[in-house]
Amino acid sequence: MIKPLAAILGDIKIQHTLFAMPFAIMSAFMAADGVPPLALLGWITAAMVLARSAAMAFNRLVDEPFDSENPRTQNRALPAGEASRVQYMIFILACGVGFIMVCSMINVMAARLAPFALLIVFFYSYTKRITHYSHFFLGLALSLAPMGGWVAVREEFALAPSLLGIAVIFWLAGLDTIYSCQDARFDSEKGLYSIPRRFGVGKALSMASAFHAVMVAALLLVAVAAHLSWIYLAGVGFTALMLYYEHSLVRPEDLSKVNVAFFNVNGVISVGLMVFTIADIIIKP
């Protein structure tokens, strides 16, 4: 079981939990208006890892028929035979149950919302079959991170995490649109939907830029709603510069640096914004 588990963890790239995790953490700091209890941060971290792992494994399971035909994804664990569908199902069940149990340790509201959160993140895997705008459903799934971080601390919904959630939706919609440019032809051949398939790679990249502009605007509104200062705004500026750099890496005629733009740059964006946000809250200039 060790080898299949290692194959699954490698396949779902568990290290990329880093994408959404910082938004949950920074939201928890905003909700606490300071440093949240360390035990609570631990539960939030565990919940993020488990939810994201369950969602990614479910996505691999559902997409296996397509992954086995796509040259870009044929080396994933399921098509390559490194893990079985049953092993993936066990992994998903274990992560899903673990997520619900962790949420029950946080507070009553988190426990009640946990099953609905799983339904949302699982539903995303089917959206490429029904809409060209599946990228926004991925954004919706990850937008649960800032909402969850806030609920964990205050056990309520509020404007600031909602605006941060909107920023995450448009961030993911933009970066997933960029990433999907690699599969525009394959999606067309297999009857799958995406913005690059619908509008072409060139226009899709322009639309991704517009989505990221909306993200920056939403982040600016967060500053007002959460009463943040110039330190956070410097973080927004840093985010805008990194997004500009990300888009400079990708051209309609050259998608060779998509993986750099998708994985490396966006990891820096999320962690960087978190650092600026936490610094603002702790220093309180």
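Me: Is Pro-71 buried or exposed?

Reply: This is a predicted model: local features need pLDDT of at least 70, side-chain atom pairs count only at pLDDT 80 or more, and totals for chains, interfaces and linings use all residues. Residues are numbered from 1 along each chain as its sequence is written, and side-chain values use heavy atoms, without hydrogens or water. Buried means under 20% relative accessible area, exposed over 50%, and partly exposed in between (1.4 Å probe, protein chains only). Pro-71 has a relative accessible area of 64%, so it counts as exposed.

Me: How far apart are the C-alpha atoms of Pro-71 and Asp-183?

Reply: Pro-71 is found in the loop between α3 and α4; helices here are DSSP runs (H or I, at least four residues), numbered from the N terminus. Along the chain, Pro-71 and Asp-183 are 112 residues apart. Their C-alpha atoms are separated by 9.9 Å.

Me: Which side chain meets Asp-183 in a salt bridge?

Reply: A salt bridge is a side-chain nitrogen of Lys or Arg within 4 Å of a carboxyl oxygen of Asp or Glu. The N to O distance in this pair is 2.5 Å. Asp-183 sits in the loop between α8 and α9 (184-190), and its partner, 111 residues away, in the loop between α3 and α4 (77-80). The partner is Arg-72.

Me: How many residues separate Arg-129 and Asp-63 in sequence?

Reply: Arg-129 forms a salt bridge with Asp-63, and their closest N and O atoms are 3.4 Å apart. Arg-129 lies in the loop between α6 (108-123) and α7 (134-154), while Asp-63 lies in helix α3, so the pair ties together separate parts. Arg-129 is partly exposed at 29%, whereas Asp-63 is buried at 15%. The separation in sequence is 66 residues.

Me: How many salt bridges are there?

Reply: Side chains of opposite charge can pair when their charged atoms come close. Another pair is Glu-156 with Arg-154, at 3.8 Å between the closest N and O atoms. Glu-156 is partly exposed at 32%, and Arg-154 is partly exposed at 40%. The count comes to nine.

Me: How are α8 and α11 oriented, roughly parallel or roughly antiparallel?

Reply: Axes are lines fitted to C-alpha atoms over the stretch in contact, with angles from 0 to 180 degrees between N-to-C directions. Those of α8 (residues 159-180) and α11 (residues 201-225) come within 8 Å and cross at roughly 165 degrees. Angles under 35 degrees count as roughly parallel, over 145 as roughly antiparallel, 65 to 115 as roughly perpendicular and the rest as oblique. So α8 and α11 are roughly antiparallel.

Me: What is the accessible area of the nonpolar patch with Leu-38?

Reply: Leu-38 lies in helix α3 (residues 38-67) and is exposed at 68%. Patch residues have over 30% relative accessible area and no salt bridge; nonpolar side chains (Val, Leu, Ile, Met, Phe, Trp, Tyr) are joined within 5 Å, like charges within 9 Å. Areas come from the Shrake-Rupley method with a 1.4 Å probe, and for residues only the protein chains shown count as cover. Together, Val-35, Leu-38, Ile-282 and Ile-283 have about 430 Å².

Conventions:
Helix = DSSP H or I, 4+ residues; strand = E, 2+ residues; numbered from the N terminus.
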